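Subject: Structure handover

Hello,

Here is the structure you asked about. Please open it first, then read the notes below alongside it.

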Amino acid sequence: MRKYLVVSTSGDPDSRSRKMGRAAYGVLTEKKAPCEWLDLCELDLPLCDAAQCYEHPATQKVNAAIQNADGIIVAAPVYNYDVSASAKNMIELTGSAWEDKIVGFLCAAGGMSSYMSVMAYANSLMLDFRCVIIPRFVYATGSAFADGELKDPKVVERIGHVSAELVRFTEALRG
Ligand SMILES: Cc1cc2nc3c(=O)[nH]c(=O)nc-3n(C[C@H](O)[C@H](O)[C@H](O)COP(=O)(O)O)c2cc1C
């Protein structure tokens, strides 16, 4: 059976993308897909310096989690019309661990005008590491949340679709 990872990249204790990631993790575990949860904010990850950062225990933990997974969902905040620097730093730290992974995205943003923001990140995973990107991602703004919880049924449904597509693609492509 293929292995899955949901990684939350936001540093905000009240992160919305983390809540989206938890929902995807719930869907995957309900499907009995072997799935790990990784929250970067619980780790003391260094910034990539292309040198000592690779020896850091937190880097090695993230690297191992990525290596170990066949399909990965990245839950990320949109910052400055891109995903957050923390999400990019994760790739800089772990590089070739991403090779040939199947990857889906859940993005939390402040408004609808940053809808395509994940594309540069997706392109770098495709072109640098030959990742296969699920051609369906979830993009949610604050209106999908109420009382600190993810409430919008359409967003919940889309998270279910992305999670199911992750399993379908991963089983098909990695046998
Ligand atoms: C530094 C910074 C930059 C941001 N830039 C954007 C942006 O370009 N487009 C957007 O829609 N929202 C932007 N936002 C809003 C965040 O995407 C929003 O707060 C989202 O919920 C963050 O994800 P998180 O809750 O998982 O941390 C920005 C927020 C911060 C703090």
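**Helix packing**

In this predicted model, helix α2 (residues 57–68) packs against helix α3 (residues 85–94) at an angle of about 85°, and their axes are 10 Å apart. The two helices are therefore roughly perpendicular to each other, since angles of 65 to 115 degrees fall in that class. On the α2 side the contact is made by Thr-59, Val-62, Asn-63 and Ile-66, and on the α3 side by Met-90, Leu-93 and Thr-94. Sorted by type, the residues of this contact are four nonpolar, three polar and no charged.

A second pair is helix α1 (residues 16–30) and helix α5 (residues 153–174), whose axes come within 9 Å and cross at roughly 55°. That angle makes α1 oblique to α5. The crossing of α1 and α5 is right-handed. From α1, the residues in contact are Met-20, Ala-23, Ala-24, Val-27 and Leu-28; from α5, they are Val-156, Ile-159, Gly-160, Val-162 and Ser-163. The contact of α1 with α5 has eight nonpolar residues, two polar and no charged.

**The core**

Which residues touch the most other members of the largest nonpolar core? They are Ala-24, Leu-106, Cys-107 and Val-138, in a core of 52 residues. As background, nonpolar side chains tend to be buried together in soluble globular proteins.

Not counting residues up to four places away in sequence, Leu-106 touches Ser-17, Met-20, Gly-21, Ala-24, Ile-73, Ala-75, Phe-137, Val-138, Ile-159 and Val-162.

Phe-105 is in strand β5 (residues 102–108). Is Phe-105 buried or exposed? Phe-105 is buried, because it has 26 other C-beta atoms within 10 Å and the cut-off for buried is 20 or more. With residues up to four places away in sequence left out, Phe-105 touches Val-74, Ala-76, Val-118, Ala-122 and Phe-137. Phe-137 is also on the list for Leu-106. Phe-105 and Gly-21 are 84 residues apart in sequence, but their C-alpha atoms are 9.2 Å apart in space.

**Loops**

Pro-34 sits in the loop between α1 and β2 (35–39). Pro-34 has 14 C-beta neighbours inside 10 Å and so counts as partly exposed. Apart from neighbours within four places in sequence, Pro-34 is in contact with Met-1, Lys-3 and Tyr-4. From Pro-34 to Arg-2 the separation is 32 residues in sequence and 7.1 Å in space, C-alpha to C-alpha.

Two other loop residues have a positive phi without being glycine. One of them is Ala-50, with phi near 60°, in the loop between β2 and α2. Ala-50 is exposed, because 8 other C-beta atoms lie within 10 Å and the cut-off for exposed is 12 or fewer. The other is Tyr-81, with phi near 55°, in the loop between β3 (71–79) and β4 (82–83). Tyr-81 has 12 other C-beta atoms within 10 Å and is therefore exposed as well.

Regards

Terms used
Residues numbered from 1 in each chain as written. Predicted model: local features only at pLDDT ≥ 70, side-chain atom pairs only at ≥ 80, totals over all residues. Axes fitted to C-alpha atoms, helices over the stretch in contact; angles between N-to-C directions. Helix = DSSP H or I, 4+ residues; strand = E, 2+ residues; numbered from the N terminus. Parallel < 35°, antiparallel > 145°, perpendicular 65-115°, else oblique. Contact = placed C-beta atoms within 7 Å. Nonpolar A, V, L, I, M, F, W, Y, C, P; charged D, E, K, R; others polar. Core = buried A, V, L, I, M, F, W, Y, C linked by C-beta atoms within 7 Å. Left-handed = near helix turned anticlockwise from the far one by under 90°.
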